[in-house]
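Colleague: I would like to learn how to read a few features of a model. Please give the general idea before each case.

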Amino acid sequence: MPKAILGGIEIEVDEDGFIQEPEKWNKEVAEDLAKIENAYPLTEDHWKVVNYLREYYLKFEIAPPIRMLCKQTGFDLKKIYELFPSGPAKGACKIAGLPKPTGCV
């Protein structure tokens with residue numbers, strides 16, 4: 001498994017750059033991932049999405065459906081793509097330290 005230096009620490013990542021050691025995720029890791037995903041600097045709106053994704057994932061062990069993400073954050077899909085140009089799955093979930101989503105987001 002490849003490794004990357006994110007937030008000053010070495011973390012295993014998959015072939016798409018999703019971290020494989022979620023316990024190592026922190027704000028600095030998120031900011032380094034945001035630079036890779038062209039979503040840097042992270043604004044309050046970015047953190048609203050990232051924090052919602054993390055909270056949902058920690059509760060249900062899956063990424064939320066995109067419709068729920070939009071409803072709970074108050075952002076429409078266009079806004080999500082403005083914040084995360086590579087999209088909610090590839091960009092937002094990666095920055096939030098979630099594993100690569102298999103479905104909805």
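Modeller: Start with what counts as a helix: a DSSP run of H or I with at least four residues, numbered from the N terminus. Keep in mind that this is a predicted model.

Colleague: How many helices and strands does the protein chain have?

Modeller: The protein chain holds five helices and two strands. In sequence order the pattern is β-β-α-α-α-α-α.

Colleague: Why are tyrosine 52 and tyrosine 56 about one helical turn apart?

Modeller: Because they are four residues apart in helix H2, which covers residues 44-60. Tyrosine 56 also forms a tilted pair with phenylalanine 60, at 4.6 Å centre to centre and 45° between the planes. Tyrosine 56 and phenylalanine 60 are likewise four residues apart in helix H2, so about one helical turn separates them.

Colleague: Is tyrosine 52 buried or exposed?

Modeller: The cut-off for buried is a relative accessible area under 20%, and for exposed over 50%, with partly exposed in between. Tyrosine 52 has 14%, so tyrosine 52 is buried. Tyrosine 56 also counts as buried, because its relative accessibility is 14%. Phenylalanine 60 has 45% and is therefore partly exposed.

Colleague: What can be said of lysine 79?

Modeller: Lysine 79 is placed in helix H4, residues 77-83. Its relative accessible area is 26%, so lysine 79 is partly exposed. Aspartate 45 is 34 residues away from lysine 79 in sequence, yet their C-alpha atoms are 9.6 Å apart in space.

Colleague: How many disulfides are there?

Modeller: A disulfide is a covalent bond between the sulfur atoms of two cysteines. The cut-off here is a pair of sulfur atoms within 2.5 Å. By this rule the count is zero. Cysteine 70 is in no disulfide, and the nearest cysteine sulfur, belonging to cysteine 93, is 12 Å away. Cysteine 70 counts as buried because its relative accessibility is 16%. Cysteine 93 is buried too, at 0%.

Colleague: What radius of gyration does the protein chain have, and how is the value to be read?

Modeller: The value is set against that of a compact globule with 105 residues, which would be near 13 Å; the protein chain has 12 Å, which agrees. Along the principal axes, the C-alpha trace spans about 35 × 30 × 20 Å. Of the 105 residues, 43% count as buried. Among contacts between residues at least 6 apart in sequence, 48% join residues at least 24 apart. The accessible surface comes to about 6,000 Å², and 51% of that belongs to carbon and sulfur atoms.

Note on methods:
Residues are numbered from 1 along each chain as its sequence is written. This is a predicted model: local features need pLDDT of at least 70, side-chain atom pairs count only at pLDDT 80 or more; totals for chains, interfaces and linings use all residues. Side-chain values use heavy atoms; hydrogens and water are left out. Buried means under 20% relative accessible area, exposed over 50%, partly exposed in between (1.4 Å probe, protein chains only). Rings of Phe, Tyr and Trp (its six-membered ring) pair if their centres lie within 6.5 Å; planes under 30 degrees apart count as stacked, over 60 as edge-to-face and the rest as tilted. The radius of gyration is taken over C-alpha atoms; the globule rule is 2.2 Å times the number of residues to the power 0.38. Contact means heavy atoms within 4.5 Å. Accessible areas come from the Shrake-Rupley method with a 1.4 Å probe; for residues, only the protein chains shown count as cover.
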